[in-house]
Amino acid sequence: MSAASSIPYPVSSIKPPVPKPPTIFTYMNSFKTITNITGWLVFAIAAFVYYQTAEPTGSLWDCGEFILGAYKGEVVHPPGAPLFLLVGRMFIWVAELLSDTKAHPENIAFAVNFMSGICTALGAMFVAWTTIILGKLALVGRSEEPNGSQMFALAGAGLVAGLSMTFASSIWFSAVEGEVYAMSTFFTCLTLWGTVKWYNLPNEPTHDRWLVFTVYAAALSIGVHLLSLLTFPALAMLYYFKKDIQISKTTSTILRGVLAIGLVVAAIVVFSGATGILMKALGGLLMLALAVYLPWKGEDRYIGALGAFIMGFLIIGAIQEFVIKGVAEMWSTLELQVVNGFGMPFNYGLIPTAIVLIGLFFFGLRYAANHAKFDLIGLGIFAVLFGFFAFGWKNIVIAPVAALVFYLGLRNADRHLTQVLMFSALMAVVGFSTIGVVLVRANVDPPVNMNKPSDPIRLLSYVNREQYGERPLLYGTDFDAQPIDNEITPRYGQVIKKEGDKEVHSYEIVDEKCPTNSTPPKSTSSPAWATIPRTAQRSTGLGWTSRPAKSPSPTT
């Protein structure tokens with residue numbers, strides 16, 4: 001008798017075992033679930049604490065200005081924080097739905113203050129997630145999942161990191177009042193988390209979209225504060241390590257020379273700026289020793305990381321010069337030419353500005369997709385137009401340098417890398433576009449309309465923060481320098497004249513920028529703060545290496 005005939009019932013009637021339904025413990029064994037629960041737990045604790053401790057009304061500094069700006073759409077001090085005001089208005093709208101803000105106007109202030117608390121709580125959540133990802137990379141690497149005990153250890157590390165940020169005094173102070181620093185902290189944490197999340201994912205092209213997201217988040221933060229841009233050096237270094245970029249011998253030699261020169265300059269600055277013979281000798285000799293050892297003994301991998309770090313700072317400079325200043329400069333130049341040269345109404349300079357930007361990214365994205373010669377020519381033409389209108393005669397230097405960088409770095413790059421760069425640049429411009437809110441509200445002419453940036457020309461000085469003046473960060477005039485003269489630069493404003501029944505729009509000189517030229521420094525090798533007398537250093541906090549002066553003894 002066969003084996004099949006020994007079965008007393010048909011095989012088709014045998015039912016497969018029914019799988020057990022998933023339980024809470026099944027989900028708790030998932031690393032992703034543990035990570036999400038930890039992050040949201042940090043958010044809940046932080047949000048509750050900040051809700052209970054938020055300022056009930058306005059604090060006595062810029063907070064009142066920002067609360068008013070969010071409530072009534074006012075134009076606050078440069079550079080405006082337009083995204084902060086937009087999000088603040090949404091929180092005020094919720095407060096108007098949930099309470100009678102006319103009878104209790106303090107709820108308007110509380111809504112903006114609590115917005116800072118929500119932003120900081122979200123930032124603490126991203127810090128927790130970032131800590132968990134970094135811990136996971138240290139324990140098991142990128143490709144493996146942690147086991148049960150490791151998961152709960154990582155969750156504990158994330159919880160501690162998130163709550164440490166929550167209760168840090170400087171963070172807590174900003175989290176309970178309507179100022180830009182809480183939302184800026186949120187964007188910084190978001191940008192860093194996006195960078196680390198991308199680094200944790202497998203090295204596949206589809207995951208590089210997180211790089212574009214990171215750049216977009218940092219660009220959005222320009223409408224709040226510039227702090228998020230400081231994450232780009234870390235982004236560049238993580239990109240270098242994940243992609244395992246191999247630098248050439250020539251590049252290695254150049255970077256070693258840059259490192260040596262930088263350390264020698266640091267030795268000079270430390271020696272000239274430090275007070276006391278001991279501090280001068282120790283600081284200067286330490287920097288010189290590093291300048292002799294590090295550049296020539298370090299491995300190429302770490303020298304390449306230095307290059308990536310420098311590249312991150314160059315990206316920060318590029319965003320500030322080409323996106324923040326460049327777009328505003330081009331818009332201002334084209335506005336002046338279109339109105340004064342072609343007799344068009346005010347603000348029609350936006351049309352050629354949009355044409356240049358659209359053409360630049362249209363051909364840039366097409367070239368990134370197919371590397372066609374026609375698209376490269378179109379990209380070059382619009383890039384030259386952008387440089388000419390944004391930087392004027394400086395484009396004579398900028399254009400060849402940009403062409404050289406493209407030839408050496410991107411001409412032979414694969415299409416995927418070119419696409420990531422072009423989409424990132426596009427997202428940077430889109431994120432910066434929130435500055436248009438300032439122009440729109442300034443044309444409404446609200447009661448608070450600081451600098452009245454109602455046209456692109458006035459918007460340029462508003463974005464450049466010209467009302468604050470300029471001061472050197474490292475080198476500049478001496479403490480007791482005397483003014484010599486003023487360097488006068490004309491500023492244009494809108495003028496409407498009547499010619500019969502017709503209104504003629506034009507820009508004419510209505511103001512002047514008058515920075516002061518002072519006597520040159522007595523020493524060209526010392527930083528500006530090193531020439532301040534010790535008594536002034538103590539009063540300004542710059543003499544950190546000198547002992548405080550003794551109090552004079554009382555006299556009778």
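Glu503 and Lys498 form a salt bridge, with their closest N and O atoms 3.8 Å apart. A salt bridge here is a side-chain nitrogen of Lys or Arg within 4 Å of a carboxyl oxygen of Asp or Glu. Before going on, keep in mind that this is a predicted model, where local features need pLDDT of at least 70 and side-chain atom pairs count only at pLDDT 80 or more, while totals for chains, interfaces and linings use all residues. Residues are numbered from 1 along each chain as its sequence is written, and side-chain values use heavy atoms, with hydrogens and water left out.

How open to the outside are these two partners? Glu503 is partly exposed at 45% relative accessibility, and Lys498 is exposed at 62%. The labels work like this: buried is under 20% relative accessible area, exposed is over 50%, and partly exposed lies in between (1.4 Å probe, protein chains only).

How many salt bridges does a search of the whole structure find? It finds 7. Another of them joins Arg491 to Glu466, and there the closest N and O atoms are 2.8 Å apart. This pair links distant parts of the chain, 25 residues apart: Arg491 sits in strand β2 (residues 489-499), while Glu466 is in the loop between α19 (456-463) and β1 (483-486). Helices (H or I, at least four residues) and strands (E, at least two) are DSSP runs, numbered from the N terminus. Arg491 is partly exposed at 22%, and Glu466 is partly exposed at 23%.

Then there's Arg89, which forms a salt bridge with Glu96; their closest N and O atoms are 3.7 Å apart. Arg89 has a relative accessible area of 30%, so it counts as partly exposed. Glu96 is partly exposed too, at 28%.

Now find helix α15, which has 19 residues (373-391). At 1.5 Å a residue it should span 27 Å, and its end C-alpha atoms are 26 Å apart, which agrees. That expected span is 1.5 Å times one less than the number of residues.

Which residues of α15 are buried? They are Asp375, Gly378, Leu379, Phe382, Phe386, Gly387, Ala390 and Phe391. Looking down the axis of α15, you'd see these buried residues fall within an arc of 165 degrees, so they line one face of the helix. The arc is taken from the directions from the helix axis to the C-beta atoms. On the other side of α15, Lys373, Phe374 and Phe388 are exposed.
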